[in-house]
Amino acid sequence: MAWSVMVNADDYGLTEGTARAILRAHRDGVVTATSVLTVAPAFATTARWLGDAPDLAPGLHLAAVGEDPPLLSAREVPTLVDRRGRFALSSVRLTPRLALGRIDPADLEREFQAQHDAFVDAVGRRPSHVDSHHNLHLWPSVAAVVARLSPRWGVPVVRLPWSRRRAPVGVGVRHLARGLARRLDGAGLAHPDRYFGIDEGGQLDTPALLGLVRHLDRGAPPRPGAVVEIAVHPGEPGDADLDRYPWPGARRDAELAGLTAPALRAALDRGRHTLVGPEALPGAGPRASAVPAPAPPAGPPPGD
């Protein structure tokens, strides 16, 4: 039985080149959704470009780690930042503080609310889905905040990350994911049935993407219309603005090439897999219901 496939491009707004790459991967390829990083420097410029892609579902990529500062001041979110008012650079650096209870959930809630409000103000609609930078919402205290805020925002879909690796990191991700699934189910929030993107992050070029389709072809989904999310990170070749976001081994330009490769679309068609957005999940409802007001006028279409 075939899958419904949601191809979700993370980091929209990280740089202008990243936003252009995601829009191209939607227009010329298989990307059906994108997760918008409101703390990123190119967010303000690129948010209006989403108006030129009405069939691309924009979600909210919540951030409490990374190179870019929070939207709120250090006085407003003191436990999330260092003396310079900066986030921890990665989840690896933040999780020890989470484990020791040194991150105030109220700080997370204030910052996440600010990021949501910035999204709505700039994009002109509610997010279609929620996930997080570095999949930080796998952590229970962050998951609790996300599960509490998402229904308040009217956002019915939350990412459920997963790992197939047998190494300790993979075991840890699966343990946290099971807890997250219970929390989301308890809150009445929808999530995809399967997920790819942690193990393959930054490496989903054409052969890797075709390999994922073959993997889906070989196994039967647990129910008709089951949804798999594939999280991708396309980018433009030679984007110098990405230099401030080191990701060893990542090949964003190769991901863009893979996502727009005719061979990938052909493989999905052969397997009778259907490309969908988050609205395909049970309980998510039609995407139009998540639009409280018309989007602002779109700016000039970005170039290739």
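1. Burial terms. A residue is called buried under 20% relative accessible area, exposed over 50%, and partly exposed in between, using a 1.4 Å probe and protein chains only. By that scale Arg 272 is exposed, with a relative accessible area of 70%. Arg 272 lies in the loop between α9 (262-270) and β7 (274-275). Its phi is positive, about 60 degrees, although Arg 272 is not a glycine.

2. Basis of the model. This is a predicted model, in which local features need pLDDT of at least 70 and side-chain atom pairs count only at pLDDT 80 or more, while totals for chains, interfaces and linings use all residues. Residues are numbered from 1 along each chain as its sequence is written, and side-chain values use heavy atoms, with hydrogens and water left out.

3. Overall make-up. The protein chain has nine helices and seven strands. These elements are DSSP runs numbered from the N terminus: helices are H or I with at least four residues, strands are E with at least two. The radius of gyration of the protein chain is 18 Å, close to the 19 Å that the globule rule gives for 304 residues, so the chain is as compact as a globular protein of that length. That radius is taken over C-alpha atoms, and the globule rule is 2.2 Å times the number of residues to the power 0.38. Along its principal axes, the C-alpha trace spans about 55 × 45 × 40 Å.

4. Of the 304 residues, 54% count as buried. Contact here means heavy atoms within 4.5 Å. Among contacts with a separation of 6 or more, 78% come from residues 24 or more positions apart.

5. Helices α1 and α8. Two packed helices are described by the angle between their axes and the distance between the axes. The axes are lines fitted to C-alpha atoms, for helices over the stretch in contact, and angles run from 0 to 180 degrees between N-to-C directions. Helix α1 (residues 16-27) packs with helix α8 (residues 252-259) at an angle of about 15 degrees, the axes being 9 Å apart. This makes α1 roughly parallel to α8. Angles under 35 degrees count as roughly parallel, over 145 as roughly antiparallel, 65 to 115 as roughly perpendicular, and the rest as oblique.

6. Residues between α1 and α8. The crossing of α1 with α8 is left-handed; that term applies if the near helix is turned anticlockwise from the far one by less than a right angle, and right-handed applies if clockwise. From α1, Thr 18, Ala 21, Arg 24 and Ala 25 meet Arg 252, Leu 256 and Leu 259 of α8. By class, this contact has four nonpolar, one polar and two charged residues. Ala, Val, Leu, Ile, Met, Phe, Trp, Tyr, Cys and Pro count as nonpolar, Asp, Glu, Lys and Arg as charged, and the others, Gly among them, as polar.

7. Helices α5 and α6. The axes of helix α5 (residues 140-153) and helix α6 (residues 168-186) come within 10 Å and cross at roughly 25 degrees. That makes α5 roughly parallel to α6. The crossing of α5 and α6 is right-handed. Pro 140, Ala 143, Ala 144 and Ala 147 of α5 meet Leu 176, Leu 180 and Arg 183 of α6. The residues of this contact divide into six nonpolar, no polar and one charged.

8. Pro 192. This residue sits in the loop between α6 and β5. At 3% relative accessibility, Pro 192 counts as buried. Not counting residues up to four places away in sequence, Pro 192 touches Met 6, Val 158, Leu 160, Val 227, Glu 229 and Leu 281. Pro 192 and Arg 159, 33 residues apart in sequence, are 6.8 Å apart C-alpha to C-alpha.

9. Gln 203. The loop between β5 (194-196) and α7 (206-218) holds Gln 203. Gln 203 is partly exposed, with a relative accessible area of 36%. Leaving out residues up to four places away in sequence, Gln 203 touches Ala 208, Gly 249, Ala 250, Arg 251 and Glu 255.

10. His 134 is in the loop between β4 (130-132) and α5, and counts as partly exposed at 36% relative accessibility. The phi of His 134 is near 65 degrees, a positive value in a residue other than glycine. Arg 218 belongs to helix α7 and counts as exposed at 64% relative accessibility.
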